[in-house]
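This report covers one protein chain.

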Amino acid sequence: MQADQRTLRPNNKGTTSVSNNIFPAEIMNLPTIEVPGGVTIHLSKAESHVVYYLTAAQDLDYPAHAHAAQFAVVLDGRIDVTTNSGTQSYSRGDRYYLPTGTEHCVKLHAGFAEMAYLDDPKYFG
């Protein structure tokens, strides 16, 4: 299997969408949440946490929010994370950590993909 099987294709809005095959079948077969705005999240839940695999087909801004501790590895694309310390951009190969209760907002850029750990098994319901 190639390291990067993701393909980009134009959509009808003139932006670029990501095919979900950046992840292997085992991940694609996990329970999935489709978020308005072109975000797909595949969930692996445990008693104490959740690991999720996220792709963004188009640019999307999330307003300020806070939650349990989060650690993520960016697999592709770019995310901008803004906290009270300023804005940091992360791209392929970067990792970031948000301690519990850190208020932040994020901008996902088209083509973004990440794998993340969230220290709250109930965050996604």
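How many helices and strands make up the secondary structure of the chain? The count is 1 helix and 12 strands. The model is predicted. From the N terminus, the order of elements is β-β-α-β-β-β-β-β-β-β-β-β-β. The chain has 125 residues, and 35% of them are buried.

**The largest pocket**

The largest pocket holds about 330 Å³ of space. Its lining consists of 19 residues. Those nearest the centre are Tyr52, Leu54, Tyr62, His65 and Tyr123. By class, the lining has 14 nonpolar, 4 polar and 1 charged residues.

Which strands each supply at least two residues of this lining? They are S3 (32-35), S5 (50-56), S6 (60-65), S11 (104-108) and S12 (113-118). S11 gives the most, with 3 residues.

**The salt bridge**

The structure holds 1 salt bridge. It joins the side chains of Arg78 and Asp80, with an N to O distance of 3.1 Å. In general, side chains of opposite charge can pair when their charged atoms come close.

**Surface and loop**

Phe71, Tyr97 and Tyr117 make a nonpolar surface patch of about 300 Å². Tyr97 sits in strand S10, which spans residues 95-98. Its relative accessibility is 52%, so Tyr97 counts as exposed.

Where does Asn29 lie? It is in the loop between helix H1 (25-28) and S3. Is Asn29 buried or exposed? At 67% relative accessibility, Asn29 is exposed. Asn29 and His42 are 13 residues apart in sequence. In space, their C-alpha atoms are 8.0 Å apart.

| Residue | Relative accessibility | Class |
|---|---|---|
| Tyr97 | 52% | exposed |
| Asn29 | 67% | exposed |

Terms used:
Residues numbered from 1 in each chain as written. Predicted model: local features only at pLDDT ≥ 70, side-chain atom pairs only at ≥ 80, totals over all residues. Heavy atoms only, no water. Salt bridge = Lys/Arg side-chain N within 4 Å of Asp/Glu carboxyl O. 1 Å grid on protein atoms, 1.4 Å probe; cavity = no way out; pocket = protein on both sides within 12 Å on 5 of 7 lines; lining within 4 Å. Points joined across faces, edges and corners; volume = space filled by probe spheres on them. Helix = DSSP H or I, 4+ residues; strand = E, 2+ residues; numbered from the N terminus. Nonpolar A, V, L, I, M, F, W, Y, C, P; charged D, E, K, R; others polar. Patch = residues over 30% accessible without salt bridge, like charges linked within 9 Å, V, L, I, M, F, W, Y side chains within 5 Å. Areas by Shrake-Rupley, 256 points an atom, 1.4 Å probe, with all protein chains shown as cover. Buried < 20%, exposed > 50% of the residue type's maximum accessible area, 1.4 Å probe, protein only.
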